[in-house]
Amino acid sequence: MPDDEQSSLISSHKSSDSGLQIHLHPLVLLTVSDHITRHSLRRREEPIVGALLGQQNGRDITLEHAFECQVVEGEQGAILLHQAWFQDRLQQYKDVHKEPALELVGWFTTAPITGPEMHHVPIHQQIIHDYNETAVLLAFHPTEVLAGASQSGRLPLTIYESVYESTQNAGKAANNEAESDRSMDIDIAEGPLDLRFRELPYSVETGEAEMISVDFVARGGGNATNIDSPAKQKGKEKSPKDSKSPQQESKTLNDTSLLSPEDEE
């Protein structure tokens with residue numbers, strides 16, 4: 001697919017004016033990374049798709065949990081969520097996370113740095129039509145990982161909101177950058193509306209307990225082979241001079257159990 005077709009899904013108004021504030025939790029990053037890693041190791045051919053759970057209070061949206069999803073092929077080869085499976089899975093998560101109550105706030109997938117592609121549109125339309133009209137898209141960029149973007153302190157992902165724009169108005173806004181402020185105020189469509197994506201700013205937010213657990217996993221603490229029990233650590237610290245044979249320990253116990261005549265009285 002040419003680059004101009006890929007970028008055509010990006011809104012002509014690149015900066016979002018919706019006022020949405022995204023708070024991304026590290027647990028979501030771990031889940032997405034784990035899903036992509038297992039998908040690659042198993043050489044699975046289906047696209048990477050997952051759900052994002054969190055809370056939405058006004059214009060504030062938190063991304064707190066994530067889980068991978070099953071997909072099916074719809075009409076004309078469109079990739080969609082397995083509706084029955086997804087509803088059951090979503091309800092299970094809602095039953096577990098009741099306090100605070102979590103809801104579906106978006107979904108995640110992989111995408112190039114240029115933005116979402118046409119095969120992402122059917123799933124996004126399915127989610128905003130059936131579950132949450134303000135659902136966001138978290139696009140993970142594998143090419144950025146290979147390029148070492150994480151070393152610069154920048155996460156290899158982008159979060160998008162979706163809007164419907166007129167193709168004619170989008171062309172006018174692109175050709176008249178000096179009049180972009182005025183074109184943003186014109187909401188009357190002069191033709192069919194198409195789905196477009198706009199990048200959203202986000203911040204990484206975590207609590208103390210979550211920070212400890214994430215640090216534990218990041219350091220490899222989740223692997224039992226890397227953990228030394230207290231007994232092993234004490235055994236390593238004990239010097240050969242301090243160690244006693246079973247015969248010496250038995251003799252010591254016998255000596256301490258003998259009482260003098262004065263003690264017996």
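User: What makes L81, L104 and W107 count as contacts of I127?

Analyst: In this predicted model, a contact needs heavy atoms within 4.5 Å. Leaving aside neighbours within four places in sequence, I127 meets that cut-off with L81, L104, W107, N132 and A135.

User: Which residues have the most contacts inside the largest nonpolar core?

Analyst: I127 is on that list, together with L53, F67, C69, L81, F86 and L104. The core has 24 residues. Helix 4 (121–130) gives two or more residues to it, as do strand 3 (49–57), helix 3 (83–96), strand 7 (103–110), strand 8 (136–140) and strand 10 (193–200). The largest share, 4 residues, comes from helix 4. As background, nonpolar side chains tend to be buried together in soluble globular proteins.

User: How do you know that L24 and V28 belong to another core?

Analyst: A core is a set of buried nonpolar residues joined through side-chain atoms within 4.5 Å. L24 and V28, along with V32 and L63, are among the 19 residues of a core that lies apart from the largest one.

User: Why is E68 called partly exposed?

Analyst: Its relative accessible area is 27%. Buried means under 20% and exposed means over 50%, so with 27% E68 falls in between and is partly exposed.

User: Where does E68 sit, and what does E68 touch?

Analyst: E68 lies in strand 4, which covers residues 60–68. Not counting residues up to four places away in sequence, E68 touches H35, R38, R44, V49, G50 and W85.

User: How much of the chain counts as buried?

Analyst: Buried residues make up 32% of the 265 residues, with under 20% relative accessible area as the cut-off. The accessible surface of the chain comes to about 16,900 Å², and 51% of that belongs to carbon and sulfur atoms.

Conventions:
Residues numbered from 1 in each chain as written. Predicted model: local features only at pLDDT ≥ 70, side-chain atom pairs only at ≥ 80, totals over all residues. Heavy atoms only, no water. Buried < 20%, exposed > 50% of the residue type's maximum accessible area, 1.4 Å probe, protein only. Areas by Shrake-Rupley, 256 points an atom, 1.4 Å probe, with all protein chains shown as cover.
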